[in-house]
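Hello,

Here is the structure I promised to hand over. Have a look at it first, and then read on for what turned up in it.

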Amino acid sequence: MVPLLQAVRIDGPGAARAGALEALAEIGGEAVMSARDIAALERLARIEIAGDTPVPLSRCFLSWIAVPTGDQAGVMEMLGLSQPRPVPFSVVVYAADIDSHGGLDADPLDVYRRVFVTPELAGWTLVGSWCDPSTTERQNDVLEACEHLSARFGRAQAYWWSASQDGSADLIAGSGSGSLKRAGFRATTGPASGALCGVWDG
């Protein structure tokens, strides 16, 4: 499939080139794209971002970290993120929905490969979508990330919500004088029940 899409990008037909570019970006990312195609995507992103407005995130499984700061670069630095690319909100919504279902292949870690960091929104920076505080495989990482972020920015909150009404979770971390005051984890299963799953106090 990838060689066929690459051929369309080079030889046409012209009407299929845009769709081939989108498919290559989703199937293999930069690893299967030419430098020319990467530059084309970056140009498209800049054009869309110029008139971009935030849109609600809506997908089957929604997770994010909220940090009360406008320091997008600082949040990215603290999380150890690299190779940033500006993207419009519409792309974030689409890509996050794909990632929340485990990506497009059999690799279960695909859901963690992309991280989205918003600009300041009403005094907050949002990070998604790898940060589900309720999954066993990610719980400790999310707690640690919130601890580090709250040590610098005062607070950090992680959330997970399911559109299938099979649960939700939140984790709140706060710091004072460089030490964590409180980090807690609460989860609910179904629309009308709740249980305290664990709490950590520093």
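One term before we start: a residue is called buried when its relative accessible area is under 20%, exposed when that area is over 50%, and partly exposed in between. Please also keep in mind that this is a predicted model.

The side chains of Arg 9 and Asp 37 meet in a salt bridge, at 2.8 Å from N to O. Both Asp 37 and Arg 9 are buried. Arg 9 belongs to helix H1 and Asp 37 to helix H3 (residues 35–50), so this pair ties together parts that are 28 residues apart in sequence.

Now for the overall layout. The protein chain has six helices and seven strands. Starting at the N terminus, their order is α-α-α-β-α-α-β-β-α-β-β-β-β. Of the 202 residues in the chain, 37% are buried. The chain exposes about 11400 Å², and carbon and sulfur atoms supply 57% of that area. Among contacts with a separation of 6 or more, 53% are between residues 24 or more positions apart.

The largest nonpolar core has 17 residues, and the members that touch the most others are Ile 65, Val 75, Trp 130, Cys 146 and Leu 149. At least two residues of this core come from each of strand E1 (61–67), helix H4 (72–78), helix H6 (139–153), strand E4 (155–162) and strand E5 (168–176). H6 gives the largest share, with five residues.

Which residues does Val 75 touch, leaving aside those up to four places away in sequence? They are Val 67, Thr 69, Val 117, Thr 125, Val 127, Leu 149 and Phe 153. There is also a second, separate core of nine residues, with Leu 5, Val 8, Val 32 and Ala 40 among them.

Helix H6 deserves a visit of its own. It has 15 residues, and the distance from its first C-alpha to its last is 21 Å, close to the 21 Å expected at 1.5 Å a residue. Its buried residues are Val 142, Ala 145, Cys 146, Leu 149, Ser 150 and Phe 153. Viewed down the axis of H6, these buried residues fall within an arc of 125°, so they line one face of the helix.

Arg 152 has 43% relative accessibility and so counts as partly exposed. Asp 71 counts as partly exposed too, because its value is 27%. Together with Glu 77, Asp 71 and Arg 152 are linked in a network of salt bridges.

How many salt bridges does the structure hold? There are four. Another of them joins Glu 42 and Arg 85, with 3.2 Å between the closest N and O atoms. Here Glu 42 is in helix H3, while Arg 85 is in the loop between H4 and helix H5 (89–100), 43 residues apart. Glu 42, at 29% relative accessibility, counts as partly exposed, and Arg 85, at 40%, also counts as partly exposed.

Finally, two spots in the backbone to look at. The peptide bond from Gly 12 to Pro 13 is cis, with omega near 10°. Pro 13 lies in the loop between helix H1 (2–11) and helix H2 (14–27). The other spot is Ala 122, a residue other than glycine whose phi is positive, near 55°. You will find Ala 122 in the loop between strand E2 (116–117) and strand E3 (125–128). Is Ala 122 buried or exposed? Its relative accessibility is 80%, so Ala 122 counts as exposed.

Enjoy exploring the model!

Best wishes

Key:
Residues numbered from 1 in each chain as written. Predicted model: local features only at pLDDT ≥ 70, side-chain atom pairs only at ≥ 80, totals over all residues. Heavy atoms only, no water. Core = buried A, V, L, I, M, F, W, Y, C linked by side-chain atoms within 4.5 Å. Buried < 20%, exposed > 50% of the residue type's maximum accessible area, 1.4 Å probe, protein only. Helix = DSSP H or I, 4+ residues; strand = E, 2+ residues; numbered from the N terminus. Contact = heavy atoms within 4.5 Å. Areas by Shrake-Rupley, 256 points an atom, 1.4 Å probe, with all protein chains shown as cover. Expected span 1.5 Å × (residues − 1). Arc of directions from axis to C-beta.
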